[in-house]
Amino acid sequence: MTTAAIIVAAGRGTRAGGEIPKQWQSLAGRPVLAHTLDAFAGLRRVLVIHPDDRARANALAPGVEIVTGGATRAQSVRNALESLAESGVDKVLIHDGARPLVSPAQIARIVDALETSPAAAPALAVTDALWKGAEGRVIGTQSREGLWRAQTPQGFRFTGILAAHRAFVGDAADDVEVAMAAGLPVAIVPGEETNLKLTFPGDFARAEAILKGARMDIRLGNGFDVHAFTEGDHVWLCGVKVPHGKALLGHSDADVGMHALTDAIYGALAMGDIGRHFPPSDPQWKGAASHIFLQHAIDMAREMGFALMNCDVTLICERPKIGPHAELMRQALATIMGVAVERVSVKATTSERLGFTGREEGIAALATATLVRP
Ligand SMILES: Nc1ccn([C@@H]2O[C@H](COP(=O)(O)OP(=O)(O)OP(=O)(O)O)[C@@H](O)[C@H]2O)c(=O)n1
Ligand SMILES: C[C@](O)(CO)[C@H](O)COP(=O)(O)O
């Protein structure tokens, strides 16, 4: 079973304007058609172009079959179908070059639907009220019941759509119209709001915003740490000195909460852990204040372009009681990291007197951190 994709790009994009046709204009630094063709990588691809765009097409699309289009969209599609007539292709997806944001999931849904239907096309149900208007005034209303906004790729079993186009006379808004004229049943497959067609100049900014959103890098990291109790009269927890009948044992100040948070940030960056950046074998970190570690992790995140969206630290101990200090701890961590305190959570739990924390042999902490690079 071979599936081919026909990308129609022979229009002139008059509504979009610009010095060159819209499909050759830049979107997020690359020609619109580069995005569209990438979406169909892995399939046999036929690009339908205007004769004036031959040089651009040769430069853009090595390995892609190029066919010259016609005066109407329907004629452009027909030319591509004819070029595949003897190819043995059995399914064909017909897609607007001007829809560069089509997703792999959308393409897969259409291909799957062709297993049970000779034709399938994506669409979104109309959700706005519809009016009839003339001369700037509403002159009537129109029920939206059963109305759909058609998108592409529209998929067909090859022999059916080739015969339908050969029999069709005139222009058609899309290939579903051609298929319907030939009596082919067409299944409606859920479309995607992001699969917009670049039609007017403002559509480029919308598409860039969608692409930027899709590229947003969101990272989640977790950290876990344990320190044993030793003799002493206070512990450092999340940057706060808490009076207690014992101290925590460690190479540094043993701030177990801050260590877990620091490791969560390193983890989100896939940059190892505290031990890698501050080896315990190195005497210079003996007794070090743990804010040095947290500061290092957050600085590294910023250098890599990330901002901390939120973090959440859980301290696990029977004593000291954390509740009375939790707000101060949030403030301390937020100040060290240079973020709003609303993004920082500190909470605690006991382990119901079970295990080493239950026996008050030490304190454990776990933390998560979310980092985002726009
Ligand atoms: N003779 C044509 C006309 C259109 N198309 C393609 O069909 C798709 C959808 O058409 P549309 O958005 O209307 O593009 P244009 O015809 O280029 O736009 P306009 O009507 O604003 O000139 C586009 O990818 C366009 O390049 C085509 O291949 N051949
Ligand atoms: C095929 C199509 O994209 C379906 O929405 C659309 O009909 C083609 O664009 P046009 O603006 O109607 O020419």
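The model is a predicted one, in which local features need pLDDT of at least 70 and side-chain atom pairs count only at pLDDT 80 or more, whereas totals for chains, interfaces and linings use all residues. Side-chain values use heavy atoms, with hydrogens and water left out, residues are numbered from 1 along each chain as its sequence is written, and chains are lettered from A and ligands numbered from 1 in the order in which they are written.

Phenylalanine 278 also forms a tilted aromatic pair with phenylalanine 293, at 4.6 Å centre to centre and 45° between the planes. Because phenylalanine 278 lies in the loop between helix 9 (274–277) and helix 10 (291–303), and phenylalanine 293 in helix 10, this pair ties together parts that are 15 residues apart in sequence; helices here are DSSP runs (H or I, at least four residues), numbered from the N terminus. Phe278, Trp285 and Phe293 form one aromatic cluster. Burial was assigned from relative accessible area (buried under 20%, exposed over 50%, partly exposed in between; 1.4 Å probe, protein chains only). On this scale phenylalanine 278 is buried at 8%, tryptophan 285 is buried at 16%, and phenylalanine 293 is buried at 4%.

Burial also characterises helix 1 (residues 32–39), where six of the eight residues are buried, so that the helix is largely enclosed by the rest of the structure. The buried residues in helix 1 are Val32, Leu33, Ala34, His35, Thr36 and Leu37.

Around ligand 1 there are 19 residues, of which Gly13, Thr14, Lys22, Ser76 and Lys197 come nearest; a residue is counted as near if one of its heavy atoms lies within 4 Å. Polar contacts (pairs of N or O atoms within 3.5 Å) include those from backbone N or O atoms to oxygen atoms of ligand 1, at 2.8 Å for valine 8, 2.7 Å for glycine 13 and 3.2 Å for glycine 97. The protein covers 86% of the 560 Å² of accessible area that ligand 1 has on its own, as computed by the Shrake-Rupley method with a 1.4 Å probe.

Technical notes. Rings of Phe, Tyr and Trp (its six-membered ring) pair if their centres lie within 6.5 Å; planes under 30 degrees apart count as stacked, over 60 as edge-to-face and the rest as tilted. Helices (H or I, at least four residues) and strands (E, at least two) are DSSP runs, numbered from the N terminus. A polar contact is a pair of N or O atoms within 3.5 Å; within protein, one must be able to donate a hydrogen and the other to accept it, and residues adjacent in sequence count only if both atoms are side-chain atoms.
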